Amino acid sequence: MSSTIIMPQLGETVAEGKILVWFKSVGDEIKEGDNLFEVETDKVTMEVQAIVAGRLSEIRVGPGLTAKVGEVVAVIGNGVAKTPGADDASAGKAPQWRSPFEEVSTPVDRFGHAKGPNGIHLTPLARRLIAQGGLDLTELAAEVQRKGKKRIDGAAVRAAISARPATPNAPPAPFAPPPGPSPVLGRQGDVITLNTMRQRTGERLAEAWRTIPHVFQAIEVDFTRVDRVRKARKEAFQTAHGFSLTFLPFIARATCLAIAAYPQINARFDGKSLTLSRDVNLGIAVDLDHNGLVVPVVRDASSLTLIGVAKAIRRQIDQARSGRLYPEDLSGGTYSISNNGAFGTTFTAPIINAPQVGILSTDAIRLKPAIVSTQEGDFVAPRMIGMIGQSFDHRAFDGAYSAAFLSRVKQIVETRNWNEEIPSDL
Amino acid sequence: MAELTYRDAVARGIAQEMERDKRVVFLGEDIGKAGGVFKTTVGLYEQFGPLRVRDTPISEQAILGAAMGAAMTGLRPIAEIMFADFLAVCFDYVANEMSKLRYMSNGQLSCPLVIRTGNGGGVRFGAQHSQSIENWTMMIPGIKVVAPSSPVDVIGLMAAAVRDPDPVIFHEHKALYAIKGEVPEGEIIERLGTAKILRPGRDCTIVALALMVPRALQAAETLASEHGIDAEVIDLRSLVPLDTQAILGSVAKTGRLFTVEENPRLCGWGAEIASIVADEAFWDLDGPIVRITTPHIPLPAADHLEDLALPSAARVVETVRRVLNG
């Protein structure tokens, strides 16, 4: 029996995908769930897994080639390598016979031992990912133990794989970041061909810039109180969740709360009507090491607590950086946040992600001299100050509405009792 | 779409099949004029008459014996055993007779019948009328076992059970009879052995059955909003055949598995699933498989004790949170 492998539906609006790499060669034994190939669309890159077992008998669409959704890209059969055009029916003869005692299929693979250096434990998933990703276990174990953990789990391995600098000789890692120019963007005089993701992003941005009358506003926000809470809970949070609590979740939470009062911010505009969204599906712009930009969506963000939103954002950023986003992660956003703080910029005027009507931008938050009013008079004091900006579609609403929204975000950031949002036991 | 209770869905599911196929007959205690002790069969006697809708004496053995004979001779009976606990009274028919007939007769005879029964606790009926015995039935070779959690699945799975060529035990949950759900017009038919992913998620897989399904869903919402844990909830719907592909596919994605079972822990259905996943999906597991079950005790009749014994949404939240966030 042979089975055909087709280019899967990779999202509602995606018609074709480009195969970047085949993880298997003709003649390889395939198990259900094995990664077969990596495919790139204009929105996302992802691995496609086998849903049947057998031997890969034919690859019809090789690496670098594009196939329409539904097109046959390979055949899994009895493993006899075939020349293109050969008869499909000959691909397999007898159906695979299974013993009645084989009620479950036990995997025969081995991916190392349950205990690693210094007696550290490894989950089965971690062991498989380390072996498939070609990671150095000693290095990873040391890193995990430095963090005070006794166990290496899948998340730790995925983080290590995504943090690893891309080397041309590395084996095809199952969670490789999207290919393209290396993080060092060439030397002077080089011509860089943009990958599909960047080309499509470019087309969409140009279209949005051409058709939407953008207005940008920014407001100065005092993050001193947020910073105090953040610092006080930093270590407990890091220990509990394995990543640090940044300003972004506070801003995202404040944005969700402000949207409740200014719902037109969270809407779609089609030229004639503004459709307000029930949920806040918050897009978070993520830079892929200067190799493209994706905006994964945190669904129903307003239902999440500060901790919940922090974890959801972190998860989406991790998934994006390790190339593990699914098409549904990138659709359905109703408002977006662009965070450019890492490089110390003062403000950024972002382009709206149509058909959304606004996008928030945050930049560096740092100590600045500020005027503080007290009963004793006004004083100059060092405060943590940052800009929160918004580009909005002037057809959807006016400057006063946007300004009132920004002012509300500012008020929430500055005056909310953030301690209450973080459980004391963390 | 019209809303229907789980209770009314039982009657509609039976009526759908009795209208379609004259060979479908229905028998049990007080199921006729009385409309069933749980009012699940109201209107069937009036619609189909005393020949096809038959009240029986209080004898589980008589009910299943008659149903089996009818099935062997060309009818498609649906038999009611009022409380699932009472399947023990007629277990010989279930475990030794109807389930072995096709095999023992080398395919000359078959037994296309459905045993409907009120399973599970939460309704203060005490230790002999509240047990969740789906695991008793799951263990018998030759019997199929389904347990719907929603009105629409009651109808669809009832149709699939009646049309199946072999005996099927259909566990209705007594504590779900009052729930409502949307049910489309027209014929509804499902496929046995198909689980439903009711809530997609990334961080862990929660597998549940019957009354535990709404509780698992409620827990998943709390886990998402209060703890940032994105749980995938699977309604198994059918224990035999078991949709292992749905479970294994989900675990391949999440790396973590929790079962929420109303049956007592020892040899509960989740143990079988844990065994399959530990075997086939070993290299996808990112931590221990955790079973959330009723403890191995006779179910108490006292309200608070019964509530404490059965897995609650709060217990699911607490267990998942503790295990995942440690």
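How many helices and strands are there in chain B? In this predicted model, chain B has twelve helices and 14 strands. Chain B averages a pLDDT of 97, with 100% of the residues scoring at least 70, while the complex receives from the predictor an ipTM of 0.81 and a pTM of 0.58. Of the 326 residues of chain B, 54% count as buried, and among the contacts of chain B with a separation of 6 or more, 79% are made by residues 24 or more positions apart.

**The seven-stranded sheet of chain B**

One open sheet of chain B is formed by seven strands in the order E3-E2-E4-E5-E7-E6-E12, with mixed pairing. Strand E3 (53–55) and strand E12 (238–240) of chain B each have a single partner strand and stand at the edges, so one side of each is left without a neighbour in the sheet. On average, and with direction ignored, neighbouring strands of this sheet are turned by 20 degrees against each other. Within the sheet, strand E2 (residues 24–28) of chain B and strand E4 (residues 76–83) of chain B pair in the parallel sense over four bridges, and B:Val25 has B:Pro77 in E4(B) as its bridge partner. Helix H3 (residues 60–72) of chain B packs on this sheet, where it touches E2, E4 and strand E5 (114–119) of chain B. Helix H1 (residues 6–20) of chain B, in turn, lies across E2, E4 and strand E7 (168–173) of chain B.

**The five-stranded sheet of chain B**

Another open sheet of chain B has five strands in the order E9-E11-E10-E13-E14, and its pairing is mixed. The edges are taken by strand E9 (196–199) and strand E14 (290–294) of chain B, each with a single partner strand, so one side of each is left without a neighbour in the sheet. Neighbouring strands of this sheet are turned by 25 degrees against each other on average, direction ignored. Strand E13 (residues 257–264) of chain B pairs with E14(B) in the parallel sense over five bridges, and the bridge partner of B:Thr259 in E14(B) is B:Arg291. Helix H10 (residues 269–280) of chain B packs on the sheet and touches strand E10 (204–208), E13 and E14 of chain B.

| Helix of chain B | Strand of chain B | Angle between directions |
|---|---|---|
| H1 (residues 6–20) | E2(B) | about 140 degrees |
| H3 (residues 60–72) | E4(B) | about 165 degrees |
| H10 (residues 269–280) | E13(B) | about 155 degrees |

**Contact between the chains**

Between the two chains, 16 residues of chain B are in contact with 21 residues of chain A. Helix H8 (212–227) and H10 of chain B each supply at least two residues of the side of chain B that touches chain A; by class, that side has five nonpolar, six polar and five charged residues.

**A loop residue of chain A**

A:Ala285 is placed in the loop between strand E14 (282–284) and strand E15 (286–287) of chain A. With 19 other C-beta atoms within 10 Å, A:Ala285 is partly exposed. Its C-alpha is 7.0 Å from that of A:Pro296, although A:Ala285 and A:Pro296 are eleven residues apart in sequence. Leaving aside neighbours within four places in sequence, A:Ala285 is in contact with A:Leu293, A:Val295, A:Ser336, A:Ile337, A:Ser338 and A:Asn339.

Definitions and conventions. Residues are numbered from 1 along each chain as its sequence is written. Chains are lettered from A and ligands numbered from 1 in the order in which they are written. This is a predicted model: local features need pLDDT of at least 70, side-chain atom pairs count only at pLDDT 80 or more; totals for chains, interfaces and linings use all residues. Two strands pair if DSSP finds at least two bridges between them. Axes are lines fitted to C-alpha atoms, for helices over the stretch in contact, and angles run from 0 to 180 degrees between N-to-C directions. Two residues are in contact if their C-beta atoms, placed from the backbone, lie within 7 Å. pLDDT is the predictor's confidence in each residue, from 0 to 100. Ala, Val, Leu, Ile, Met, Phe, Trp, Tyr, Cys and Pro count as nonpolar, Asp, Glu, Lys and Arg as charged, and the others, Gly among them, as polar. A residue is buried if 20 or more other C-beta atoms lie within 10 Å of its own, exposed if 12 or fewer, and partly exposed in between; C-beta atoms are placed from the backbone.
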